[in-house]
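I opened a notebook for this structure and wrote down what I looked up. The entries are in the order in which I made them.

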Amino acid sequence: MSDETLLSARGLCLAFGANRALIDVDVDLWPGEMLAVVGESGSGKTTLLNVLSGRLTPDGGAVWYRDPNGKLHDVHAMPAPDLRALHRSDWGFVHQDPRQNLRMNVTAGGNVGERLMAQGARHYGDIRALAIDWLGQVEIDAGRVDDLPRTFSGGMLQRLQIARTLVTHPRLVFMDEPTGSLDVSVQARLLDLIRNLVTRLKIAAVLVTHDIGVARLLAHRIMVMQRGRVVEAGLTDQVLDDPQHPYTQLLVSSVLQA
Amino acid sequence: MKGYNFAYLDEQTKRMIRRALLKAVAIPGHQIPFGSREMPLPYGWGTGGIQVTASVLGAGDVLKVIDQGADDTTNAVSIRRFFARTAGVRTTTRTADATVIQTRHRIPEQTLRDDQIIVYQVPQPEPLYRLEPSRVETRRMHALADYGLMHVKLYEDIARFGQISISYDYPVMVNQRHLMAPSPIPAFDNPKMNMMPALQLFGAGREKRIYAVPPYTDVRSLDFDDHPFRTIRAPHPCGLCGATDAYLDEVVTDDRGGRLFVCSDTDHCAERRAAGHVGTEGLKEAAE
């Protein structure tokens with residue numbers, strides 16, 4: 001692992017009126033690493049994700065991203081076209097609800113191909129071949145390439161969203177509860193799939209989840225948030241096996257042991 | 001005409017429209033908002049085109065108005081008469097004689113010159129409107145030249161129909177920067193816009209937008225490398241003048257399945273016939 005961070009944030013603060021969603025949050029993410037952000041509902045996890053990805057501007061603090069050439073960019077000081085270009089090439093965003101990201105009236109192949117075409121791919125045959133290849137990688141039958149997403153099940157939609165996001169080989173993916181809306185067996189398969197893809201493609205990811213099990217399975221490191229503050233951070237196993245903060249202890253002990 | 005300003009619109013309005021036109025020419029393909037006025041014809045009949053024409057028309061101009069290629073249909077006749085009455089300008093049906101051509105749905109077959117202006121009537125100036133419902137978002141997409149979505153539409157067409165199925169209002173990239181709706185002209189006419197010597201002005205009255213393509217500007221129809229843009233034309237010669245390279249209208253001639261294919265550009269057809277070209281229909285008449 002390189003000693004240079006891919007993404008780092010210092011002193012992030014954001015308040016929605018009297019509600020302080022982020023209080024002095026620091027984040028470091030190294031290339032190829034999966035960082036989980038866990039915490040209860042309303043603890044600022046999703047807000048943190050939105051601030052890190054430049055979708056929300058913080059009241060204080062800054063986020064830096066290191067591009068493939070080693071140059072640092074202040075995410076919130078970047079010109080809008082550059083940020084947009086980053087979002088459709090180097091970065092990806094996986095939503096909890098795949099319908100937010102997918103175009104429901106465009107076929108599966110078109111959905112997977114959109115990022116390629118936005119980057120300037122202009123060869124139909126190549127785009128289609130790559131789309132079919134990616135459907136295979138997320139375990140969707142190649143015969144469904146011309147079907148509309150609305151004919152897909154929830155788990156398939158989520159996998160289609162992942163294919164659509166990863167097709168351009170992003171270096172950094174933001175995931176907001178990717179397994180949140182799925183039933184347990186589908187969740188398990190999807191987690192397996194994400195873990196394999198992320199390891200194989202060496203993608204770094206920030207994963208927001210309220211599910212300690214998901215974090216334990218996927219993440220190298222973990223951050224525990226409570227009311228906008230990071231109360232504990234460290235290696236996943238370390239934090240979950242030996243929680244120091246009372247809130248983390250509560251979180252860990254509240255998980256049913258199978 | 002007494003009681004009206006020259007060419008119907010008051011001078012302040014023309015000034016406002018000309019300012020929008022200058023901006024539009026400066027940024028080829030970019031939509032400029034303007035304060036569209038109510039005109040004495042309904043939306044969809046060319047309120048945008050007629051305002052642009054009124055603003056560029058001078059006393060010495062010769063006006064031609066085309067509706068679906070024809071000079072003799074309601075829209076063409078009434079707009080031509082409107083300007084003959086309100087501006088007193090000369091009107092013509094001959095493409096070569098006109099200095100200003102207002103058109104709906106067609107570009108004349110005859111190559112336009114650099115001393116001519118062609119004004120398009122545009123119902124929907126936003127090429128992305130069927131794909132992205134939010135105008136805030138489409139404006140952002142134009143600003144960032146983020147046109148992947150338009151190619152998704154072309155991709156979908158090929159995936160579903162085996163070819164790009166857009167036959168009119170085929171999206172074009174102007175000056176390698178702005179995605180533009182060429183108004184509902186057939187895709188057949190798209191290549192004529194590329195490097196056209198004449199100034200092309202577009203007016204959308206209901207949508208309150210003006211845009212333009214300056215003379216000799218690069219206008220490219222979107223396509224894929226392995227599915228190149230191609231024009232579609234009915235595979236017949238014109239029944240009246242025998243033209244094999246002009247865009248054709250299909251005319252139902254009787255209730256027993258009779259069909260006649262004729263040039264959609266009536267002036268082009270008439271000139272060819274005057275020059276001695278004869279189609280199958282003309283030969284039949286001569287035989288009778």
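**Entry 1: the model.** I noted before anything else that this is a predicted model.

**Entry 2: domains of chain A.** I looked up the domain assignment of chain A. Domain 1 is given as 7-90 + 170-253, and domain 2 as 99-153 + 163-168. I then took the centres of domain 1 and domain 2 of chain A over C-alpha atoms, and 26 Å separate them. To the contact, domain 1 of chain A brings 7 residues and domain 2 of chain A brings 9 residues. I asked which element gives the most to the domain 1 side of this contact in chain A. It is helix H6 of chain A, residues 184-201, with 3 residues. By class, I have the domain 1 side in chain A down as 5 nonpolar, 1 polar and 1 charged residues.

**Entry 3: chain A against chain B.** Next I turned to the contact between the chains. I found 17 residues of chain A and 13 residues of chain B in it. On the chain A side, the elements that give two or more residues are helix H2 (80-88), helix H3 (108-118) and helix H4 (124-137) of chain A. H3(A) has the largest share, with 6 residues. I sorted the chain A side by class and got 7 nonpolar, 6 polar and 4 charged residues.

**Entry 4: strands around S4 of chain A.** I followed the pairings of strand S4 of chain A, residues 60-66. Strand S1 of chain A, residues 7-16, runs antiparallel to S4(A), and 5 bridges join them. In this pairing A:Ser8 has A:Trp64 as its bridge partner in S4(A). S4(A) also pairs in the antiparallel sense with strand S5 of chain A, residues 72-74, over 3 bridges.

**Entry 5: a sheet in chain B.** What is the strand order of the open sheet of 3 strands in chain B? I read it as S7-S6-S10, with antiparallel pairing. Strand S7 (178-180) and strand S10 (219-221) of chain B are the edge strands, each pairing on one side only. The twist from one strand to the next averages 30°. Strand S6 of chain B, residues 172-174, pairs with S7(B) over 3 bridges. I noted B:Val174 opposite B:His178 in S7(B).

Note on methods. Residues are numbered from 1 along each chain as its sequence is written. Chains are lettered from A and ligands numbered from 1 in the order in which they are written. This is a predicted model: local features need pLDDT of at least 70, side-chain atom pairs count only at pLDDT 80 or more; totals for chains, interfaces and linings use all residues. Domain bounds come from an automatic or database domain assignment. Two residues are in contact if their C-beta atoms, placed from the backbone, lie within 7 Å. Helices (H or I, at least four residues) and strands (E, at least two) are DSSP runs, numbered from the N terminus. Ala, Val, Leu, Ile, Met, Phe, Trp, Tyr, Cys and Pro count as nonpolar, Asp, Glu, Lys and Arg as charged, and the others, Gly among them, as polar. Two strands pair if DSSP finds at least two bridges between them. Axes are lines fitted to C-alpha atoms, for helices over the stretch in contact, and angles run from 0 to 180 degrees between N-to-C directions.
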